[in-house]
Amino acid sequence: MSPQVATVLDLPFGSAGGSVELFLDLYTGKNPPISASAFMLAPQAPPPHLPAELELVAVPGKCLSGPPFTAYVAALRRALAQRIDPSSVDVLHLQHLTFGGTPALIRALPAHPRIALVHGTDLL
């Protein structure tokens, strides 16, 4: 049995980029290679097709710094904590380390082991 991962990519579903493709390839679809509780932000318009195993969270106010960032992270943490059963998670996959998803996930599940794959915006 493979470990259960919790991960969030705090970009709206439908965003383009290699990090999004990696996220979707690893964690979503009919038979994803890694079992996960995978989350992305809900886009402004409902998506025509949502991959299996992906849950969207409607958290407004995405930003990258300052007091609004603190409020955004707190709102995202609350949304994740309501949706994730901590007893079913083995490891956190932290992505986009300077975005709000990483601190929100760590605060929602502070005692879980963590792994970060440094790719995409993390290299900038």
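Helices (H or I, at least four residues) and strands (E, at least two) are DSSP runs, numbered here from the N terminus. By that rule His-112 lies in the loop between H3 and S5. This is a predicted model, in which local features need pLDDT of at least 70 and side-chain atom pairs count only at pLDDT 80 or more, while totals for chains, interfaces and linings use all residues. Residues are numbered from 1 along each chain as its sequence is written, and side-chain values use heavy atoms, with hydrogens and water left out.

**Nonpolar cores**

- A nonpolar core is a set of buried Ala, Val, Leu, Ile, Met, Phe, Trp, Tyr and Cys residues joined through side-chain atoms within 4.5 Å, where buried means under 20% relative accessible area, exposed means over 50%, and partly exposed lies in between (1.4 Å probe, protein chains only).
- The largest nonpolar core has 21 residues, and those with the most contacts inside it are Leu-76, Leu-80, Ile-84, Leu-105 and Leu-109.
- The elements that give two or more residues to this core are S1, strand S2 (36–41), H2, S4 and H3, and H2 gives the most, with 6 residues.
- A second, separate core of 16 residues includes Phe-13, Phe-23, Ala-36 and Val-91.

**Leu-76 and Val-59**

- Leaving aside its neighbours within four places in sequence, Leu-76 is in contact (heavy atoms within 4.5 Å) with Asp-10, Leu-41, Val-57, Val-59, Gly-100, Gly-101 and Ala-104.
- Val-59 is found in the loop between strand S3 (54–57) and helix H2 (66–83), and with a relative accessible area of 11% Val-59 is buried.
- Val-59 and Leu-76 are 17 residues apart in sequence, and their C-alpha atoms are 6.1 Å apart in space.
- Beyond its neighbours within four places in sequence, Val-59 is in contact with Leu-41, Tyr-72, Ala-75, Leu-76 and Ala-79.

**Helix H3**

- Of the 8 residues of helix H3 (residues 101–108), 6 are buried, so this helix is largely enclosed by the rest of the structure.
- The buried residues of H3 are Gly-101, Thr-102, Pro-103, Ala-104, Leu-105 and Ala-108, and they pack against strand S1 (5–12), H2 and strand S4 (91–94).

**Two buried histidines**

- His-93 has its place in strand S4 and counts as buried at 2% relative accessibility.
- The side chains of His-93 and Tyr-27 are joined by a polar contact of 2.6 Å; such a contact is a pair of N or O atoms within 3.5 Å, and within protein one must be able to donate a hydrogen and the other to accept it, with residues adjacent in sequence counting only if both atoms are side-chain atoms.
- Leaving aside neighbours within four places in sequence, the residues in contact with His-93 include Val-5, Thr-7, Tyr-27, Leu-105, Ile-115 and Leu-117.
- His-112 is also buried, with a relative accessible area of 15%, and a polar atom of the His-112 side chain lies 3.0 Å from the backbone oxygen of Pro-86.
- The backbone oxygen of Val-89 lies 3.2 Å from a polar atom of the side chain of His-112.
- His-112 and Pro-86 are 26 residues apart along the chain, and their C-alpha atoms are separated by 8.4 Å.

**Salt bridges**

- A salt bridge is a side-chain nitrogen of Lys or Arg within 4 Å of a carboxyl oxygen of Asp or Glu, and by this rule the count comes to 2.
- One of them joins the side chains of Asp-10 and Lys-62 (3.3 Å, N to O).
- Asp-10 lies in strand S1 and Lys-62 in the loop between S3 and H2, so this pair ties together parts that are 52 residues apart in sequence.
- Asp-10 is buried, with a relative accessible area of 1%, whereas Lys-62 counts as partly exposed at 33% relative accessibility.
- The side chains of Arg-83 and Glu-55 also meet in a salt bridge (3.0 Å, N to O), and this pair links distant parts of the chain, with Arg-83 in helix H2 and Glu-55 in strand S3, 28 residues apart.
- Arg-83 is partly exposed, with a relative accessible area of 35%, and Glu-55 is partly exposed, with a relative accessible area of 33%.
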